[in-house]
Amino acid sequence: MKPVLAAAALAATFAMGGAASAATITLDGSKEIRLTLNDISDLSLSFLIDDSAAGYTNWGGYIKWSTREDGRQDWDGAWGDCLECGYAGGDWALSYNPYSGSNTTSTDLKLDFGKTLETVYVWIRPTYGKGSVSYEDGSAGGSDIAPVPLPAGGLLLLSALGAAALLRNRQSARKAA
């Protein structure tokens with residue numbers, strides 16, 4: 001009975017969410033955002049400006065990351081918070097001009113941490129303009145384990161619990177006979 005319940009618990013764990021996470025965030029001007037990501041090996045960021053704007057638009061900024069909450073690099077001392085002191089993650093510069101055919105309205109950045117890190121803090125710092133950033137992290141196990149959709153996961157959990165109940169009834173019947 002215990003292996004069946006363990007399998008049901010494992011199925012429920014993967015049914016409640018996939019290993020990797022993703023989101024889209026709207027940023028404007030100099031408002032920065034900090035992402036806290038756990039058990040991560042890489043991060044893909046996609047920057048986008050609205051190319052349907054009526055006039056000229058531009059947007060740019062840069063990324064810093066750290067394994068320390070204070071934003072510093074691993075070998076730094078405890079000198080207080082410094083969001084500008086982390087590791088460089090890259091930058092972006094996008095522009096849209098409705099009167100020009102050479103527009104750059106999207107770009108991608110990829111951060112590869114070289115190994116799975118327990119916690120990573122990523123600061124997305126726009127320095128001008130407005131746009132959105134979408135990200136998808138390479139959480140540990142993201143490519144090895146496919147998430148089970150919630151309805152299928154619930155059905156799988158109910159099936160496992162039903163099998164456990166049947167096994168219990170059979171064992172009770174054998175003991176009674």
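**Entry 1: Arg68**

Leaving aside neighbours within four places in sequence, which residues is Arg68 in contact with? I looked them up: Gln73, Asp74, Asp76, Gly77, Ala78, Tyr121 and Trp123. Contact here means heavy atoms within 4.5 Å.

A note on the source before I go on: this is a predicted model, where local features need pLDDT of at least 70, side-chain atom pairs count only at pLDDT 80 or more, and totals for chains, interfaces and linings use all residues. Residues are numbered from 1 along each chain as its sequence is written, and side-chain values use heavy atoms, with hydrogens and water left out.

I found Arg68 in the loop between β3 and β4. Arg68 has a relative accessible area of 18%, so it counts as buried. My cut-offs: buried is under 20% relative accessible area, exposed is over 50%, and partly exposed is in between, with a 1.4 Å probe and protein chains only. A polar atom of the Arg68 side chain lies 3.1 Å from the backbone oxygen of Gln73. Arg68 also forms a salt bridge with Asp70, and the closest N and O atoms are 2.7 Å apart. Asp70 and Arg68 are both buried.

**Entry 2: the other salt bridges**

How many salt bridges does the count come to? I get 4. The rule asks for a side-chain nitrogen of Lys or Arg within 4 Å of a carboxyl oxygen of Asp or Glu. Side chains of opposite charge can pair when their charged atoms come close.

One of the bridges joins Glu32 and Arg125, with the closest N and O atoms 3.1 Å apart. This pair links distant parts of the chain: Glu32 is in the loop between β1 and β2, Arg125 is in strand β5, and they are 93 residues apart. Glu32 is partly exposed at 29% relative accessible area. Arg125 is partly exposed too, at 25%.

Another bridge joins the side chains of Glu69 and Arg34, at 3.6 Å from N to O. Glu69 sits in the loop between β3 and β4 and Arg34 in strand β2, so the pair ties together parts 35 residues apart in sequence. I noted Arg34 as partly exposed, with a relative accessible area of 36%.

**Entry 3: strands and pairing**

I stepped back to the whole chain. It has 2 helices and 6 strands. Along the sequence the pattern reads α-β-β-β-β-β-β-α. Helices (H or I, at least four residues) and strands (E, at least two) are DSSP runs, numbered from the N terminus.

Next I checked the pairing, where two strands pair if DSSP finds at least two bridges between them. Strand β2 and strand β5 (residues 106-128) run antiparallel and are joined by 14 bridges. Ser46 stands opposite Asp108 in β5. Strand β3 (residues 57-66) also runs antiparallel to β5, with 7 bridges. There, Tyr62 stands opposite Arg125 in β5.

Of the contacts between residues at least 6 apart in sequence, 80% join residues at least 24 apart.

**Entry 4: the core**

Buried residues make up 32% of the 177 residues in the chain. I then looked at the largest nonpolar core. Such a core is a set of buried Ala, Val, Leu, Ile, Met, Phe, Trp, Tyr and Cys residues joined through side-chain atoms within 4.5 Å.

Which of its 25 residues touch the most other members? They are Leu43, Leu45, Phe47, Ile63, Val122 and Ile124. Strands β1 (22-28), β2, β3, β4, β5 and β6 (130-139) each supply at least two residues. β5 gives the most, with 7 residues.

I followed Val122. Not counting residues up to four places away, Val122 touches Ile33, Arg34, Leu35, Leu37, Leu43, Ile63, Lys64, Trp65 and Leu111.

Leu111 lies in strand β5. It is buried, at 5% relative accessibility. Among its contacts beyond four places in sequence are Ser41, Gly89 and Val122. The C-alpha atoms of Leu111 and Ser41 are 8.6 Å apart, although the two are 70 residues apart along the chain.

**Entry 5: aromatic rings**

Rings of Phe, Tyr and Trp (its six-membered ring) pair if their centres lie within 6.5 Å; planes under 30 degrees apart are stacked, over 60 edge-to-face, and the rest tilted.

Why is the pair of Phe47 and Trp92 stacked? Their ring centres are 3.9 Å apart and their planes are at 15 degrees, so the pair counts as stacked. Phe47 is in strand β2 (residues 33-48) and Trp92 in strand β4 (residues 87-96), so the pair ties together parts 45 residues apart in sequence. Both residues are buried.

I also noted a cluster: ring pairs link Trp65, Trp75, Tyr87 and Phe113.

Note on methods:
A polar contact is a pair of N or O atoms within 3.5 Å; within protein, one must be able to donate a hydrogen and the other to accept it, and residues adjacent in sequence count only if both atoms are side-chain atoms.
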